[in-house]
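Colleague: Could you walk me through reading this fold, feature by feature?

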Amino acid sequence: MPTVALAVTDGMLHYELSVAVEVFGADLTHIVDPWYDFSLCGSGPVHVDRFRLDPDHGLDHLAHADTVIVPSWADTDRDPPAELVEAVRAAHAAGARVASLCTGAFILGAAGLLDGRRATTHWAHTRELARRHPAATVDPDVLYVDNGDVLTSAGKAAAMDLCLHLVRLDHGSANANKIARRLVIPPHRDGGQAQFIATPLPAPGNHPLGELFPWVLERLDQPLTVEDLARQARMSSRHLGRHFKLLTGTTPLQWLHTQRIRHAQELLETTDATVDTIAAATGMGTATTLRRHFHRSVGVPPDTYRRTFRP
């Protein structure tokens, strides 16, 4: 059973902390069994805004976890507690995967875990994070950054994106999507998607692309082009691109490519279909094309992915 430890201390923000508890601390064994062995780790009773938390273990327990989550730090002008920084550093040295949510990146930075790595945080604090940790490459335009053993997310909703990304890595895309549906949130937003989107995605049908999205998802097996999407949406290709940027933070082709890859993941996890069949079902054409794009996007070939996530 994978273990997840949430590092808590006075001065953290409750939203990102509650996101981690909701994803990793809930009993979701009806979806994945075994689920995570989850614990709160702190040096004593913790006050988070109007809430009081009683940790299960001391901060030294972080070193025994497979994954350590560091929630957002409220006052980025103030140095985080030295004992927390040292505990996070020790956990990483012991082999833990360490992920920060929002301004929790400042704690990872203080622990030296961002040096030589890409990182992000809430867009309002990226400049300060870069100034304070010049050895890190801070990207202000992404939802989250995955370096393998060190991960960072942007603010608020992006914290949920990173948590679901961790679930996807551990338990597969199909199970991550089930949890997203349980939480009534979009099943996947790619980490490279723009952090700041001018118009949040409204409810289906309340925006110019409301009917286009489901139309595309039902036709992923077809060789769709931007012109096809524009024609279906009854607008010019340029106008379509502007709407996509406002609503999703990406381009039509990038969005379409992501949907094809995610559909391929689900088919690999939930069916015995051959790679050739999945390539046809996702509009990739040939197994060679699917393997190339899948490996580039997911990091492993389709066959390896299937062996990892098939029950």
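Modeller: Let's start with C102, which sits in the loop between β6 and α3 (105-110). Helices (H or I, at least four residues) and strands (E, at least two) are DSSP runs, numbered from the N terminus. This is a predicted model, where local features need pLDDT of at least 70 and side-chain atom pairs count only at pLDDT 80 or more, while totals for chains, interfaces and linings use all residues. Residues are numbered from 1 along each chain as its sequence is written, and side-chain values use heavy atoms, leaving out hydrogens and water.

Colleague: What is the phi of C102?

Modeller: Positive, at about 55°, although C102 is not a glycine. Another backbone spot to check is the cis peptide bond joining D33 and P34, with omega at about 5°. P34 belongs to the loop between α1 and β2.

Colleague: Now the sheet. What is the strand order?

Modeller: The general idea: strands of a sheet pair through backbone hydrogen bonds, either parallel or antiparallel. Pairing here takes at least two bridges found by DSSP between two strands. In this model, six strands form an open sheet ordered β2-β1-β5-β6-β10-β9, with mixed pairing. β2 (37-41) and β9 (144-146) are the edge strands with a single partner each, so one side of each has no neighbour in the sheet. From one strand to the next, the twist averages 15°.

Colleague: How many bridges join β6 and β10?

Modeller: Three, in the parallel sense, between β6 (residues 97-100) and β10 (residues 150-153). S100 stands opposite T152 of β10.

Colleague: And helix pairs, how do I read those?

Modeller: Two packed helices are described by the angle between their axes and the distance between the axes. Axes are lines fitted to C-alpha atoms, for helices over the stretch in contact, and angles run from 0 to 180 degrees between N-to-C directions. Angles under 35 degrees count as roughly parallel, over 145 as roughly antiparallel, 65 to 115 as roughly perpendicular and the rest as oblique.

Colleague: At what angle do α1 and α5 pack?

Modeller: About 25°, with axes 9 Å apart, for α1 (residues 14-25) and α5 (residues 157-171). The two helices are therefore roughly parallel. Contact means heavy atoms within 4.5 Å. Among the residues making the contact are V19 and V23 of α1, plus M160 and L166 of α5.

Colleague: Where does α5 lie relative to the strands?

Modeller: Across β5 (67-70), β6, β9 and β10, running at about 145° to β10.

Colleague: How do α8 and α9 cross?

Modeller: At roughly 85°, with the axes of α8 (residues 226-233) and α9 (residues 237-248) coming within 9 Å. That makes α8 roughly perpendicular to α9. α10 passes α13 in a right-handed crossing.

Colleague: Last one: how many salt bridges are there?

Modeller: 13, where a salt bridge is a side-chain nitrogen of Lys or Arg within 4 Å of a carboxyl oxygen of Asp or Glu. One of them joins E22 and R182 at 3.2 Å, N to O. This pair links distant parts of the chain, 160 residues apart, with E22 in α1 and R182 in α6 (residues 173-183).

Technical notes:
A crossing is left-handed if the near helix is turned anticlockwise from the far one by less than a right angle, and right-handed if clockwise.
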